[in-house]
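Work through the exercises below with the coordinates open. Try each task before reading its solution.

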Amino acid sequence: MATLSFFYFGSVIVLTAILVVALRNPVHSVIALLVMFFHIAGLFVTLHAEFLAAVQLIVYAGAILVLYLFVVMILNLQQDDSYQRQVKWGLGLGLIALAEIIAIISKVALPEEPASGKTAAGEAAETIAGNTETVGKALYTTYLFPFEVASLILLVAMIGAIIMAKKGIMGPEAK
Amino acid sequence: MDMLVFAGASVVKIAVVMVTVLLTVAVLTLAERKVLSWMQDRMGPMEVGPYGILQPIADGIKLFFKEDIIPSGANWLLFSLAPIISLIPAFIGFAVVPYGPNVEVELYGVTIKPFIITDINIGILYVLAFTSIGAYGVILGGWASNNKYSLLGGLRAAAQVISYELNVGLAIIGVIILSGSLSMVTIAEKQAGGILNWNIIGMGHGLGIWWWIPVTQVIGFVVYFIASVAETNRLPFDLPEADSELVAGWMTEYSGMRFAFFFMAEYANMILVSCIASVLFLGGYHAPYPGTLLPGILGYFEGIAWFTVKVYGFLFLFFWIRATLPRLRYDQLMRFGWKVLLPLALANIVITSIAVYFLR
């Protein structure tokens with residue numbers, strides 16, 4: 001059952017991810033991306049990480065993608081085919097990414113798997129503690145420093161966005 | 001066999017909830033018109049049936065047999081998809097609402113909770129995740145109609161829903177801190193024992209006789225209610241529709257059943273929001289007095305009755321606000337959301353968490 005659902009989610013994710021870049025209409029691309037986010041959330045659920053699944057939907061599908069849609073609609077990119085001309089760049093970057101994936105898979109897939117019993121135990125512990133608490137404790141103990149750095153970066157980005165949007169904020173001459 | 005019994009019981013529970021919600025939607029369409037009429041000293045629908053009580057059936061038949069028009073410039077796929085995208089999230093949230101006490105019943109050797117469809121450990125986040133998807137129906141419907149009024153309505157809806165969704169999320173954090181759980185069932189169970197223990201008062205969290213004052217969730221409740229009125233696009237926050245300026249916004253080009261889907265989604269969202277407000281702030285199925293008056297199994301149904309009363313109270317509040325307040329201007333809406341509700345919700349979180357940290 002778990003393998004079956006993994007292959008379902010995985011194949012839909014790959015398919016919709018290809019559709020995101022292959023579809024001509026940008027709004028259709030956004031819909032494909034929405035379907036993909038749903039299936040990534042599904043993958044999290046199969047891993048018993050329900051909290052991450054919900055956050056995935058709230059943050060990516062509920063907020064970020066709506067903003068994408070907003071921009072796509074306002075710009076009205078329907079007739080813009082310019083990004084179809086970047087085949088050379090796309091091929092180059094794609095080859096690098098493919099080489100990376102092959103390197104990772106060959107490293108992971110080749111040795112026999114002694115870690116299977118360990119992950120099952122970890123999974124059981126997580127479901128007992130409740131994965132929301134587990135994520136919270138990890139964020140505020142082990143990963144406190146990266147967490148704070150990330151929030152600082154977000155704050156800086158926010159201030160930057162405000163300054164870029166408000167033209168008159170730097171002085172009267174900017175008006 | 002066990003699996004079969006469990007699945008059968010779940011399907012029955014889901015069917016009962018769906019039918020109840022759809023019936024409530026039908027009742028609400030009439031109730032809204034009647035309540036508004038009475039508040040404006042009119043009679044409302046009187047033609048179909050005695051006092052017009054068969055009006056929802058007439059409306060339903062009319063919508064069902066209306067011609068289904070797709071504008072020639074519209075994007076056919078998204079135009080058809082948008083009503084469904086807004087309807088499904090509105091219904092899917094009812095899966096985690098506790099309608100009655102968390103009791104277990106043995107049926108052919110399988111334990112079944114008759115009043116709860118499912119108790120997932122992220123219950124409230126699950127609801128938030130799917131209500132945020134509902135915005136896509138509005139935005140895509142507006143865009144796919146190929147009509148500038150519809151597009152404007154859709155874009156307004158996008159901005160409004162994102163802004164107020166944040167306030168909904170922040171307003172309930174106080175309740176989550178107090179309950180220590182995201183599960184709606186646990187949150188409801190922790191408010192047992194009378195009106196003083198409901199989260200809106202907040203005495204039921206073991207903080208002593210006087211120290212409940214800082215953890216009272218009145219601010220959270222008010223912010224939640226205002227933000228959820230805005231999120232369901234109801235007056236006075238119905239700028240995405242704005243009949244008088246955008247001729248019904250994203251719904252302009254819709255007719256027949258597709259329009260009915262949007263309509264049902266709006267009312268189902270109202271019911272869902274009322275259910276969540278009842279569970280989070282008003283004790284869900286708990287009566288204002290400790291325990292239940294009726295013994296045994298009847299007591300469970302007393303709980304369901306109290307839950308129904310609370311939900312209908314909220315729905316009446318929706319109509320009342322609609323009849324009383326004029327529509328906000330767009331900049332007023334945004335300023336109110338970001339400069340009034342957001343700081344209030346943040347202050348509520350800070351005060352609640354400090355109080356819980358020092359007093360518990």
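The model is predicted: local features need pLDDT of at least 70, side-chain atom pairs count only at pLDDT 80 or more, and totals for chains, interfaces and linings use all residues. Residues are numbered from 1 along each chain as its sequence is written, while chains are lettered from A and ligands numbered from 1 in the order in which they are written.

**Exercise 1.** Find how many residues of chain B are in contact with chain A, and classify them.

Solution. Take two residues as in contact if their C-beta atoms, placed from the backbone, lie within 7 Å. Then 20 residues of chain B contact 16 residues of chain A. On the chain B side, α4 (123-144) and α5 (148-171) each supply at least two residues. The largest share, 10 residues, belongs to α4(B). By class, this side has 17 nonpolar, 2 polar and 1 charged residues.

**Exercise 2.** Check the span of α4(B) and its burial.

Solution. The 22 residues of α4(B) should span 32 Å; the end C-alpha atoms are 33 Å apart, which agrees. Next, count buried residues (20 or more other C-beta atoms within 10 Å of their own). In α4(B), 22 of the 22 residues are buried, so the helix is largely enclosed by the rest of the structure. N146(B) follows α4(B), with a positive phi near 60°.

**Exercise 3.** Which residues have the most contacts inside the largest nonpolar core?

Solution. Join buried Ala, Val, Leu, Ile, Met, Phe, Trp, Tyr and Cys residues through C-beta atoms within 7 Å. The largest core has 118 residues, and F37(A), A54(A) and I139(B) have the most contacts inside it. Helix α10 (residues 256-281) of chain B gives the largest share, 17 residues. Leaving aside neighbours within four places in sequence, A54(A) contacts I122(B), L125(B), Y126(B) and A129(B).

Key. Helix = DSSP H or I, 4+ residues; strand = E, 2+ residues; numbered from the N terminus. Nonpolar A, V, L, I, M, F, W, Y, C, P; charged D, E, K, R; others polar. Buried ≥ 20, exposed ≤ 12 C-beta atoms within 10 Å, placed from the backbone. Expected span 1.5 Å × (residues − 1).
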